[in-house]
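Please examine the sequence and the structure shown below.

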Amino acid sequence: MTALHDVSLSVPAGGIVTMLGANGAGKSTLLRAVSGTLPLHSGSASGGRVAFGGVTLTGRPAADVVAAGVVQVPEGRRVFAGLSVADNLKAGRLGVRARGREDARRATAEVYELFPVLAERRGQAAGLLSGGEQQMLAIGRALMARPRLLLLDEPSLGLAPLVVARIAEVVRHINAQGTGVLLVEQNAALALELADHAYVLDVGRIRLEGPAAELSRSDEVRRLYLGERPEGDDEPTSDDEETASVAPLGRWSR
Amino acid sequence: MNTLAQTLFNGMALGSVYALVALGFCLVFKASGAVNFAHGSLLLLGGYLVAVLHEPLGFAGALAVAAAGTAAAAAVEALVLRRVARANGPAVPTILTIGVDILLLTELARRIGGDVLGTGDPWGAEVLTIGGVTVAQARFYSLLAAALLVGAFLAAFRWTGWGLSMRAYSSDAEAAALMGVRGDRLRMSAWLLAGALAAVAAVFLAAFPGTGIDRTTGQIALAAFPAAVLGGLGSVGGALLGSVVVGMAEALATGYQQQLSGLGSGLAEVVPYAVMVLILIVRPQGLLGAKESTRV
């Protein structure tokens, strides 16, 4: 079965790009093609090209993709449940060659500063953290490798609205440090608010693309992904309310 | 009293040899998700190589070559399994190991025939007397060697990047791949290590009061299989604990043979499996098997 046809997508350096789409649209397949994990799902790319900077990543094993600076936070967090929080973070550096202990220490300190709750629980088994904390750990683990492009697969899935708002804050913070972000989301309101540019994937094809602000005003997106009625009022209430609901938190605490 | 002390020592010594074998089972299971039924034959291969090579190379040289050769054989097996592993789930590779076992065992049995081969180990039939307890020197050294090897392994498992990769990979292979862990290399390293440990275990199984390598040495080593299972397959600590339990049980059954004669002779060979069944009835996940520690 072919999940994707002629999908072309680019993330500018240091930008936030989002890809929207319903279940089965091919979002996960696309991320797997980028991160080199298609073979783990008995899949393969029969054509096309994946490149980052000047480096071609098509068909390369996942470890090469990580080494090139592209790190994925998997859907469903996928923390190493039996390992401690600290070991999970260390595992985030398994794909990093060279760059010594000093850099590892700095990266750990930065992650703990971004997520103080992880520092408090560094000795606990990751499987015992709450869903939100596990998502923080999954993001922190990926940041340990100091990626230049972070792939986020459904980071808001199954989390309470308040936690989602904080994750949005974290994504902004990470991006402000110069890391590019490709955000795959079903939560279109969140994604369009965070991103500069958006793509809408539908059954393996790109259906719409454009600046996120523009797409969030388009009738089709509002109807299909923001849950608005077609004949609904045109006041931009939805957007404003969403923005207001994001608490201006500097960092995640609990 | 002396019988008890002697029996306990023998149990520990036997358990330590089983630990080397059970650790191999456990590592391979963690890495490939398959139970390697060919492990006993790999062990026999290691013993056979030492027996054949100790005259030209000396014992230490022969052991080194045998460890490397057995590791290589394990690696070849891993490559064969890899081709079927991904598409078919864990059952097919496990069945494939039975096929590998039959091939390897048949060829080794053909070469060994009815002989009992010496390994040229340096301990011979010497005994040590420690505090009034007489024990075979080979058993003392097997305990020492196993303690060193297992200790080194545990330290690496806990503190090195390789160990962390291993733990992360066996927890969630895809997430580990996304962190840059190279699964193929990691799997291979586990099989290589399992093979090398099996060769070392073969030497100690053959040493006094054992009689040498014969075609059934691989089957004796399979007592390490219930050890790995009753400890909780896939748990390193469980494999080690299970090995001690099985070694002790076997030594007690041997040491108190006369008192247990009502159960018939040869109890020692059955006891590892009996202990496994009893423990699994009480704790189906094994002594230290994976407890669910996920909060939903």
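Two residues are in contact if their C-beta atoms, placed from the backbone, lie within 7 Å. This is a predicted model, in which local features need pLDDT of at least 70 and side-chain atom pairs count only at pLDDT 80 or more, while totals for chains, interfaces and linings use all residues. Residues are numbered from 1 along each chain as its sequence is written, and chains are lettered from A and ligands numbered from 1 in the order in which they are written.

**Contact between the chains**
- Chain A contributes 27 residues to the contact and chain B contributes 20 residues.
- On the side of chain A that touches chain B, α2(A) gives the most, with four residues; helices (H or I, at least four residues) and strands (E, at least two) are DSSP runs, numbered from the N terminus.

**The sheet of chain A**
- Six strands of chain A form an open sheet with mixed pairing, in the order β4-β5-β6-β1-β7-β8; two strands pair if DSSP finds at least two bridges between them.
- The edge strands, β4 (70-73) and β8 (205-211) of chain A, each pair on one side only.
- Strands β4(A) and β5(A) (residues 149-153) run parallel and are joined by four bridges.
- Within this pair, Val70(A) stands opposite Leu149(A).

**The largest nonpolar core**
- A nonpolar core is a set of buried Ala, Val, Leu, Ile, Met, Phe, Trp, Tyr and Cys residues joined through C-beta atoms within 7 Å; a residue is buried if 20 or more other C-beta atoms lie within 10 Å of its own.
- The largest such core has 171 residues, of which Ala22(B), Ala201(B), Ala202(B) and Ala224(B) touch the most other members.
- Helix α2 (residues 39-88) of chain B gives the most to this core, 18 residues.
- Leaving aside neighbours within four places in sequence, Ala201(B) is in contact with Val17(B), Leu20(B), Val21(B), Leu43(B) and Ala221(B).

Note on methods: A residue is buried if 20 or more other C-beta atoms lie within 10 Å of its own, exposed if 12 or fewer, and partly exposed in between; C-beta atoms are placed from the backbone.
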